[in-house]
Amino acid sequence: MDLLGWYRGELSSRRLAVLVRHLPQDSAFRLAHEGEAARWSLTDHLLAAVVDHLAVANWMFASVNRDEDEAPPEPPQPVPRPGADGDGDGPDGPDGTSAADAPGPAELARFFG
């Protein structure tokens with residue numbers, strides 16, 4: 001398909017828009033337009049969410065089952081996602097939560113106690 005056909009009137013604007021919208025995920029245009037986010041598929045985002053949720057669950061288990069004299073474990077860091085600023089201040093998960101919003105050891109002990 002020759003894109004010069006749009007200038008010549010052989011290719012309609014609607015057809016050009018459809019062609020651009022349906023470019024492959026790894027195309028140069030999508031990488032230039034969307035950046036790193038173009039490389040992440042829905043499956044990649046779902047796997048990152050699963051890893052984050054498992055890490056939080058393990059952290060909660062370790063926090064509740066530690067000795068009282070022992071220092072609490074550090075909360076897990078979320079998997080970096082494209083488009084995130086990386087400073088941990090913004091929402092990282094699909095539900096709008098971040099590691100900073102996680103309950104503290106005292107809250108966990110009160111909940112499970």
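Biologist: Which residues gather in a patch of negative charge on the surface?

Modeller: This is a predicted model: local features need pLDDT of at least 70, side-chain atom pairs count only at pLDDT 80 or more, and totals for chains, interfaces and linings use all residues. Residues are numbered from 1 along each chain as its sequence is written, and side-chain values use heavy atoms, without hydrogens and water. Patch residues have over 30% relative accessible area and no salt bridge, with like charges joined within 9 Å and nonpolar side chains (Val, Leu, Ile, Met, Phe, Trp, Tyr) within 5 Å. The negative patch is made of Asp 67, Glu 68, Asp 69 and Glu 70.

Biologist: Is Asp 69 buried or exposed?

Modeller: Asp 69 sits in the loop between α4 (42-64) and α5 (105-112). Helices are DSSP runs (H or I, at least four residues). Buried means under 20% relative accessible area, exposed over 50%, partly exposed in between (1.4 Å probe, protein chains only). Asp 69 has 80% relative accessibility, so this residue is exposed.

Biologist: What is the area of the nonpolar surface patch made by Leu 4, Trp 6 and Tyr 7?

Modeller: Trp 6 belongs to helix α1 (residues 4-8). Trp 6 has a relative accessible area of 35%, so Trp 6 is partly exposed. Areas come from the Shrake-Rupley method with a 1.4 Å probe. The patch covers about 370 Å².

Biologist: How many salt bridges does the structure hold?

Modeller: A salt bridge is a side-chain nitrogen of Lys or Arg within 4 Å of a carboxyl oxygen of Asp or Glu. Arg 8 and Asp 2 make one of them, at 3.2 Å, N to O. Glu 34 and Arg 30 pair at 3.5 Å, 4 residues apart in helix α3 (residues 28-34). The structure's number of salt bridges is 4.

Biologist: Which residue forms a salt bridge with Asp 52?

Modeller: Asp 52 is in helix α4, and the pair links distant parts of the chain, 29 residues apart. The partner lies in the loop between α4 and α5. At 2.7 Å, N to O, the partner of Asp 52 is Arg 81.

Biologist: Which residues does Val 79 touch, not counting residues up to four places away in sequence?

Modeller: Val 79 lies in the loop between α4 and α5. Its relative accessibility is 27%, so Val 79 is partly exposed. Val 79 is 8.0 Å from Ala 49, C-alpha to C-alpha, across 30 residues of sequence. Counting contact as heavy atoms within 4.5 Å, Val 79 touches Trp 40, Ala 48, Val 51 and Asp 52.

Definitions and conventions. Lys and Arg count as positive and Asp and Glu as negative; His and the chain ends are not counted. The place of a charge is taken as NZ of Lys, CZ of Arg, CG of Asp or CD of Glu. Helices (H or I, at least four residues) and strands (E, at least two) are DSSP runs, numbered from the N terminus.
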